[in-house]
Amino acid sequence: MFEPSLAFVAEDTAGVGGYIVGALDSRAFEERLESDWWPGLRARYPEPPPGLPAQRRTPDQQLASVIHHPLRTPDELARRYPSHLHINLLPRLQADGYGSQLTRTLITALRERGSCGVHLYVTRSNRRAVGFYRHFGFTELAATEAKLPGPGAYRFGMTLAGAPSAGQGRR
Ligand SMILES: CC(C)(COP(=O)(O)OP(=O)(O)OC[C@H]1O[C@@H](n2cnc3c(N)ncnc32)[C@H](O)[C@@H]1OP(=O)(O)O)[C@@H](O)C(=O)NCCC(=O)NCCS
């Protein structure tokens with residue numbers, strides 16, 4: 001049975017305070033979004049007016065636009081870095097090793113399931129996350145603007161097949 005997505009959470013006495021999610025095969029996950037999720041969300045959140053310039057859209061309109069025009073994983077990325085991840089921790093769990101633990105756990109799970117590489121997108125202004133990914137061993141993957149979620153984004157990747165154990169962090 002194909003397992004398209006994985007999720008792990010970080011939890012303390014106050015409850016769940018962070019997560020990491022990953023798609024083993026981004027292309028297969030995108031197909032599932034098209035069949036199971038986007039149609040209902042598109043009906044609920046209409047596309048912004050076509051004449052409205054992107055920079056004048058409200059945050060809700062920007063997200064609605066993504067629902068109607070989601071980013072697709074390009075061929076060259078799908079071949080070398082087929083998996084994809086997202087991580088978010090609440091402030092109370094940041095800078096205490098949980099990001100490393102979650103990332104290491106997900107990467108191990110992806111590797112065990114045969115993934116040869118993982119990619120992610122990060123906003124360039126998010127200096128902390130950019131530093132975290134570089135520290136962890138991700139490298140920037142060149143991409144034209146059309147293949148990025150926005151002009152202020154980086155695309156990062158990490159090779160998994162045959163690579164040393166995931167995670168450069170101490171914990
Ligand atoms: C970015 C994020 C996932 C990092 O997780 P974290 O738990 O805060 O980071 P950690 O404490 O696990 O740090 C892990 C390692 O990265 C290093 N690191 C963290 N930020 C760094 C930076 N800006 N530059 C260099 N190294 C950095 C730490 O020193 C640590 O190294 P060590 O293990 O060798 O001591 C977390 O802060 C977060 O969720 N932030 C808010 C949401 C977000 O930005 N998500 C990413 C969206 S793309």
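Modeller: Leucine 160 counts as buried, with 21 C-beta neighbours inside 10 Å. A residue is buried if 20 or more other C-beta atoms lie within 10 Å of its own, exposed if 12 or fewer, and partly exposed in between, with C-beta atoms placed from the backbone. This is a predicted model: local features need pLDDT of at least 70, side-chain atom pairs count only at pLDDT 80 or more, and totals for chains, interfaces and linings use all residues. Residues are numbered from 1 along each chain as its sequence is written.

Colleague: Where is leucine 160 found, and which residues is leucine 160 in contact with, leaving aside neighbours within four places in sequence?

Modeller: Two residues are in contact if their C-beta atoms, placed from the backbone, lie within 7 Å. Leucine 160 sits in the segment after β6 (153–159); strands are DSSP runs of E, at least two residues, and helices runs of H or I, at least four, numbered from the N terminus. With those neighbours left aside, its contacts are Ile107, Leu110, Arg111, Ser115, Cys116, Gly117 and Val118.

Colleague: Where does alanine 95 lie, and is alanine 95 buried or exposed?

Modeller: The loop between β3 (83–89) and α4 (98–112) holds alanine 95. Alanine 95 is exposed, with 10 other C-beta atoms within 10 Å.

Colleague: What percentage of the 171 residues of the chain count as buried?

Modeller: The figure is 20%.
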